[in-house]
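Biologist: Hey, can you walk me through this one? I'm new to it.
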Amino acid sequence: MMSFIFFAFLVLPFTYTNSVFAFPPLPSFPPIPSFTNPWEGFQNLSGCHPGDNVPGISDLKQYLHDFGYISNPPPANFTNSFDDELEAAIKTYQKNFKLNVTGFLDPSTINQMTLPRCGMPDIINGTSTMASSLHGRKLYTYFTGNPRWPSSKSQLTYAFTSTSSVSISTSTLSTVISRAFSRWAATTTLTFTEVGSDSDPDITIGFYSGDHGDGEPFDGVLGTLAHAFSPTDGRFHLDAAEQWVAEGDVTTASSDAAIDLESVAVHEIGHLLGLGHTSVESAIMYPTIKTKTKKVELAEDDVVGIQNLYGKNPNYTGVAPATTVQQRDTSDAGLGLGLGFGSLFWRVLVVGGVVGGLVLG
Ligand SMILES: [Zn+2]
Ligand SMILES: [Zn+2]
């Protein structure tokens, strides 16, 4: 008891008063957040069921509309009523992200919805681009009509068009984005070359804030991180407000909102080339990425998808098998016979160690 009182006497005056003494801050103090996740408010909806009427449901409906899960917005605003349309949208979302299909806002669903993600919808014109249970063997997807760059355009050029709003140096930006393109070049016969913005590039890359004229406004720190248009549009936009990490180890970044630039670039380049989102969590084309996370290796799902569009690079030797096995073994239960065959197929493929050159039906 005496030692506690003595300790308290020593510490309290410096902890709870504006002492002028230069004591270092106590290590147990939590960091002061300097950002707000625009979707953090969804946590207040955890546990909501059909029939509930709760403030904030209208925001969740808007979110699900933005990513394609609710097709027709009402003439005025969304209501806070947990109606049949919302239940159906949540079930589709849960299927796409391989969550338990509960139809209500269970904690796993809410947590998935608050993760930072790509701004491209998962469902476009009513067609799911994730298709977790629609195709027997493949999980990678294409945009409607399977748009791709024509074979006469296998040597693609890109340029930076708007970088003044971020503090990343031009040379670092060039290095990181070049590395991101090289992931896709390694698997296909496509090549990518940086050119000046006045050289009529096929692909343009820029950082933008808020509403930037294409109907897909950015939302500040976290939320949507970037978006890119399907072939042959070529536009790739990044949210200038993100805490982008272009160099060094993102996992040890000081900001809790740090996002790895290269990881997001590899994903968006997939869209530029014609890939949609996938339900395979280990794949680059999965829609969400956690903060302070690096994810730049193409998974089998990405590789087979892109090689079906553009053919295989003869020098491509396949991806490391470990990443996909863990994902597939645990997450396919209950998704139907067709996908069950898919699991078997993938396992055979992984065990064989050969990925490229196989065309899935
Ligand atoms: Zn995306
Ligand atoms: Zn944009």
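Predicted model: local features only at pLDDT ≥ 70, side-chain atom pairs only at ≥ 80, totals over all residues.
Biologist: Which residue does T204 stand opposite in β7?
Modeller: T204 faces R235 there. β5 (residues 203-208) and β7 (residues 235-239) pair in the parallel sense, over five bridges. Strands are DSSP runs of E, at least two residues, and helices runs of H or I, at least four, numbered from the N terminus; two strands pair if DSSP finds at least two bridges between them.
Biologist: OK, what's the strand order in the open sheet of five?
Modeller: β4-β3-β5-β7-β6, with mixed pairing. β4 (191-194) and β6 (226-228) are at the edges with a single partner strand each, so one side of each has no neighbour in the sheet.
Biologist: Switching topic: which residues does I269 touch?
Modeller: A180, F181 and W184, leaving out residues up to four places away in sequence. Touching means C-beta atoms, placed from the backbone, within 7 Å.
Biologist: And which residues touch the most other members of the largest nonpolar core?
Modeller: V264, A265, I269 and L273, out of 53 residues. Such a core is a set of buried Ala, Val, Leu, Ile, Met, Phe, Trp, Tyr and Cys residues joined through C-beta atoms within 7 Å, buried meaning 20 or more other C-beta atoms within 10 Å of a residue's own. The largest share of this core, seven residues, comes from α6.

Key
Residues numbered from 1 in each chain as written. Chains lettered and ligands numbered in written order. Buried ≥ 20, exposed ≤ 12 C-beta atoms within 10 Å, placed from the backbone. Contact = placed C-beta atoms within 7 Å.
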